[in-house]
Amino acid sequence: MWFGNEATAMNDIDFRAGRLPGRAVLAVTGPEAAHFLHNLLTADIEHLSEGAATYAALLSPQGKILSDMLVLRRGDGFLLDCAAVQLPDLRKRLALYRLRAAVEITDRPDLVVGVSPHECPGGFPDPRTPSLGWRVIGGMPEAVAEGYDAVRIALGLADTEADLGSGEFFPHEANLDQLGGVSFRKGCYVGQEVVSRMEHRGTARSRILPVALSGKTPPTGTEILSDEKQIGTLLSGAGDHALALIRLDRLADAASPLMADGVALKVMKPQWARYDVPGV
């Protein structure tokens with residue numbers, strides 16, 4: 001087993017270590033693996049040290065997230081911690097870009113992804129925020145993690161499958177610029193012109209943010225309204241918290257309480273956010 005069955009209360013949530021069954025691992029190895037990924041993904045890959053990880057994404061030429069992932073440098077290559085449902089498409093897209101590069105792209109079904117609220121042997125701190133604990137890529141642990149999604153949502157972190165999908169969000173909307181998932185100092189990568197333009201012009205009007213609800217979380221996709229004007233859309237939820245895509249400019253102008261299917265809600269600002277959230 002990677003780690004003990006310890007539990008901790010994060011924001012009054014019981015978070016227990018274990019595997020994440022919705023994640024899978026793709027390996028990119030070979031002498032040109034770092035250069036190959038560095039030229040494709042949004043994050044700085046070439047400067048990752050052994051055992052270090054970063055948040056990153058593969059974008060469409062139009063600058064939208066096709067797949068987001070955690071990239072761990074290990075041995076002669078990298079392990080990509082991605083959504084299991086997106087692994088086949090991610091493998092296919094990487095293969096299309098490989099051309100003559102000296103890299104190998106292989107599934108690693110022998111490896112699974114686990115999380116722990118505490119430091120664990122062979123693991124690494126979640127590169128998005130230390131508040132989410134540690135992550136491990138290795139052999140099969142005994143139990144499925146408990147409380148992880150509730151902690152993730154309370155911290156304001158979107159999930160690939162539950163929130164982002166593929167081809168729907170710009171990196172700024174999903175906060176990759178806030179969570180170390182975008183490098184603005186490196187050279188070109190797929191979709192880089194759109195991302196750079198949004199950064200320098202400050203045109204990211206929408207952001208995924210955590211919200212606190214006064215009642216049971218309405219379904220994903222429920223509109224958030226203020227005086228019949230749409231302010232945002234609910235994403236995944238757990239208990240009385242959820243994530244939502246919020247139009248910050250409309251939030252600033254909202255004169256009435258925010259409602260989603262009859263449930264009142266309040267937008268919160270994550271500790272890691274470096275942008276202003278109106279009214280918070």
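Is D227 buried or exposed? With a relative accessible area of 59%, D227 is exposed (over 50%; buried means under 20%, and partly exposed lies in between, for a 1.4 Å probe and protein chains only).

The views show a predicted model, in which local features need pLDDT of at least 70, side-chain atom pairs count only at pLDDT 80 or more, and totals for chains, interfaces and linings use all residues. Residues are numbered from 1 along each chain as its sequence is written, and side-chain values use heavy atoms, with hydrogens and water left out.

**View A. Loop residue D227.** D227 is placed in the loop between β13 (223-226) and β14 (229-238), strands being DSSP runs of E with at least two residues and helices runs of H or I with at least four, numbered from the N terminus. Its phi is near 55°, a positive value in a residue other than glycine. Most residues other than glycine have a negative phi.

**View B. Loop residue L99.** L99 is found in the loop between α2 (87-98) and β8 (104-107). Phi of L99 is near 50°, also a positive value, and L99 counts as exposed at 74% relative accessibility.

**View C. The largest nonpolar core.** This core (buried Ala, Val, Leu, Ile, Met, Phe, Trp, Tyr and Cys residues joined through side-chain atoms within 4.5 Å) has 58 residues, and I224, I246, L265 and V267 have the most contacts inside it. Its largest share, five residues, comes from α3. Beyond its neighbours within four places in sequence, L265 is in contact (heavy atoms within 4.5 Å) with V211, A212, L213, I224, L234, L258 and A260.
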